[in-house]
Amino acid sequence: MKPNHVVFAAAMASAFFLAPDESQAAEWKKGMSSPEIKQLQQRLKEKGFFTYPQATGYFGAITEEAVKAFQRAMNLPATGIVDDATYAKLKSAPASNDTLAIGSRGAAVRDLQRRLKQLGYFRYPQITGYYGAVTADAVKQFQRANGLPATGRADRGTLERLKQKATSQPVESSDVLTIGDRGDDVRKLQQQLKQLGYFTYSDITGYYGVLTADAIRRFQRDNGLPVTGAVDNQTVARLASAVKAKTTSPAPIERERQAVRLSIGALGDDVKRIQTKLKELGYFWTDITGYYGTATADAVRRFQQAAQLPATGVVDGETYERLIGQAPAAKLDVIELVADAAELLGVPYVWGGETPEEGFDCSGFIFYLFQQQGIAVPRTVALMWNAGASVSAPEVGDIVFFATTTNSPSHAGIYIGNGQFIHSGASTGVTTSRLDQPYWKQRYLGAKRFF
């Protein structure tokens, strides 16, 4: 017997352990050997993570890296050890194949999008891991440019050509950090965001997840940067500048800022001016009355939170200066809005969800998409209905409303043209439907516009 076979046999003998039941993994890890490990490798191979030609039954370095890659794709701690949580995800995750197409998800899609982005074909701000219409269009562009059939499906030939092209071209640091990254750079980023009041999670984790991405989006929005949730060089520079400004001793106060003070019960032209500015910025959604009531106070709090001011709901001197000097809200780009929405087709419905990673409810889906455009809309269907401007017939980008449970608005979607709207349905997730379908036609209430 050859020496390496002796070592392998010894490892198998020393790594004997009891097989777990169907619902548990009993912490499979490097060095173990058994038929169950072989089944594990086959599962990993089905899902596109175990690339060794055949399942061996021995948990070595290749299996450990495959497990880590799977854990990262599932937003689990990348330990390389198969615990119960990893095993449960592994059983429920869909199988992969050699061809990626619309509807595919996971690490292979993220890798495809990164390579396409590196070569300038994938222009969506985030690496989503979901193969939607935007990804398919990027694949078609790459295929046409490289003499391949422009199918929009990433088959083995397309993936190989893409890998060759991406390897030969230096990586540009357009996305320095994004969801899924880990390490000291992420810790430094979280510390900066925490110092500036954007990262509110109690611990510095070193993992770039949804909370970190949301904190970056808020920082980017407040600083006039593209709201991507990913950290590019421009965001890095603006963060460093903001931290430096915060740690520098402020100049002496030249005048008393508290001279201006508006709160609930106030009346007059100053209140009208505040309401007008809040409405222009997308924080105030009712009529300009000149009376400072609870709706005005809530709008002021939203502005103060976005501007990193104490959220008192009272307009003091600093709030007044920051508010009046604020640039107008961004204009809605309906083409980008619809493209962003199409990229999210198939994302599951989750009550209270408002990110692609966790899923969406119907208003969370709309809230997220408008947020990417820098447009503030209310978070609930009822508030959206009360806030938007009514239109007689919907145009692309308008929000359409339905009474599905009561006589009042309880569901909403975004009109995308040709009698269709895109929405997050409780039984379908993000999907498209027609307004003239009997179910929706009977329940249609009207459309509102926020741009």
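This is a predicted model: local features need pLDDT of at least 70, side-chain atom pairs count only at pLDDT 80 or more; totals for chains, interfaces and linings use all residues.
**Exercise 1.** Find where Asp-361 sits, and decide whether Asp-361 is buried or exposed.

*Solution.* Start with the chain: Asp-361 belongs to the loop between β2 (359–360) and α15 (362–372). Next, take its relative accessibility, which is 6%. Buried means under 20%, so Asp-361 counts as buried. Finally, look at the surroundings: beyond neighbours within four places in sequence, Asp-361 touches several residues, including Tyr-349, Trp-351, Arg-379 and Ser-424.

**Exercise 2.** Work out which parts of the chain the salt bridge between Glu-354 and Arg-379 ties together.

*Solution.* First check the pair itself: the side chains of Glu-354 and Arg-379 meet at 2.6 Å, N to O. Then place each partner. Glu-354 is in strand β1 (residues 354–355) and Arg-379 is in the loop between α15 and α16 (381–387), so the bridge links parts 25 residues apart in sequence. Glu-354 is partly exposed at 28% relative accessible area, and Arg-379 is partly exposed at 22%.

**Exercise 3.** Describe how helix α2 packs against helix α4.

*Solution.* Begin with the geometry: α2 (residues 35–46) and α4 (residues 84–92) pack at about 55°, their axes 10 Å apart. That angle makes α2 oblique to α4. The crossing of α2 past α4 is left-handed. Now list the contact residues: Leu-40, Arg-43 and Leu-44 come from α2, while Tyr-87, Leu-90 and Lys-91 come from α4. Sorted by type, the residues of this contact are four nonpolar, no polar and two charged.

Terms used: Residues are numbered from 1 along each chain as its sequence is written. Side-chain values use heavy atoms; hydrogens and water are left out. Helices (H or I, at least four residues) and strands (E, at least two) are DSSP runs, numbered from the N terminus. Buried means under 20% relative accessible area, exposed over 50%, partly exposed in between (1.4 Å probe, protein chains only). Contact means heavy atoms within 4.5 Å. Axes are lines fitted to C-alpha atoms, for helices over the stretch in contact, and angles run from 0 to 180 degrees between N-to-C directions. Angles under 35 degrees count as roughly parallel, over 145 as roughly antiparallel, 65 to 115 as roughly perpendicular and the rest as oblique. A crossing is left-handed if the near helix is turned anticlockwise from the far one by less than a right angle, and right-handed if clockwise. Ala, Val, Leu, Ile, Met, Phe, Trp, Tyr, Cys and Pro count as nonpolar, Asp, Glu, Lys and Arg as charged, and the others, Gly among them, as polar. A salt bridge is a side-chain nitrogen of Lys or Arg within 4 Å of a carboxyl oxygen of Asp or Glu.
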